[in-house]
Amino acid sequence: MSLSDHQAEAATAAPSESTPTPAHPLDPILNTIAAVGAALAADDLDAYKAATQGLHAPLPPLTEQGSQDVAVALGKVENARHLGATESDLAAARAAYLPLSEAAAELALALQAGSSGAGGVAVFACPMTDSAFPGAPAKARWVQTSGPTRNPWFGAEMLECGAKINP
């Protein structure tokens, strides 16, 4: 096989596991929300602020296949996705991220339960977030694209605390 044949084969190869292929029109926003959570899991405020910039793109319209649960959850995502400008520390960033994270988890679960799917993300929950930041609930959910559990509520302190939720 020549070098050009290898290059052509590489160009048409399937995407890697680290780059999810959008299977649903809402996967890009879910992937962006997952990137915000990943930055928090890494205790990286600068990456958090950079990732939140992707939240401001227009959301795609729902198709006729969208269920009522999907529509409600998408509305919650729309209302909660304006963050990143004022958070000055990780605790504030985590508190600001909570409504968006919960809305994204609800949206992903609604999509996964329906026929349209949402193959790009998995939903996780931490059973002990009440000490993560002031006003935190006892439990909180988040979405992530791949890999082992990466808890955005505690970062390195409790990175693997949580469990995957199935629809």
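A105 counts as buried because its relative accessibility is 0%; buried means under 20% relative accessible area, exposed over 50% and partly exposed in between, with a 1.4 Å probe and protein chains only. This is a predicted model, in which local features need pLDDT of at least 70 and side-chain atom pairs count only at pLDDT 80 or more, while totals for chains, interfaces and linings use all residues. Residues are numbered from 1 along each chain as its sequence is written, and side-chain values use heavy atoms, with hydrogens and water left out.

**Helix α5**

A105 lies in helix α5. Helices (H or I, at least four residues) and strands (E, at least two) are DSSP runs, numbered from the N terminus. Helix α5 covers residues 90–113, 24 residues in total, and spans 33 Å from its first C-alpha to its last. That is close to the 34 Å expected at 1.5 Å a residue, where the expected span is 1.5 Å times one less than the number of residues.

At L98 the helix bends by about 40°, and the proline P99 follows within four residues. The bend at a residue is the angle between axes fitted to the seven residues ending there and the seven starting there. At the start of α5, a side-chain oxygen of D89 comes to within 3.2 Å of the backbone nitrogen of A91.

**Two residues of the helix**

E102 is also found in α5. With 22% relative accessibility, E102 counts as partly exposed. Contacts here are heavy atoms within 4.5 Å, and the lists below leave out residues up to four places away in sequence.

| Residue | Touches | C-alpha to C-alpha distance | Separation in sequence |
|---|---|---|---|
| A105 | V123, R141, V143 | 9.8 Å to I33 | 72 residues |
| E102 | K139, A140, R141 | 9.7 Å to V123 | 21 residues |

The side chain of E102 also reaches the backbone nitrogen of R141, at 2.7 Å.

**The nonpolar core**

A nonpolar core is a set of buried Ala, Val, Leu, Ile, Met, Phe, Trp, Tyr and Cys residues joined through side-chain atoms within 4.5 Å. The largest one holds 45 residues, of which I33, Y48, L107, V143 and W153 touch the most other members. At least two residues of this core come from each of α2 (27–41), α3 (45–52), α4 (68–80), α5, β1 (122–126) and β2 (140–144). The largest share, 12 residues, is supplied by α5.

Beyond residues up to four places away in sequence, the contacts of V143 include L30, I33, Y97, A104, A105, A108 and V123.

Conventions:
A polar contact is a pair of N or O atoms within 3.5 Å; within protein, one must be able to donate a hydrogen and the other to accept it, and residues adjacent in sequence count only if both atoms are side-chain atoms.
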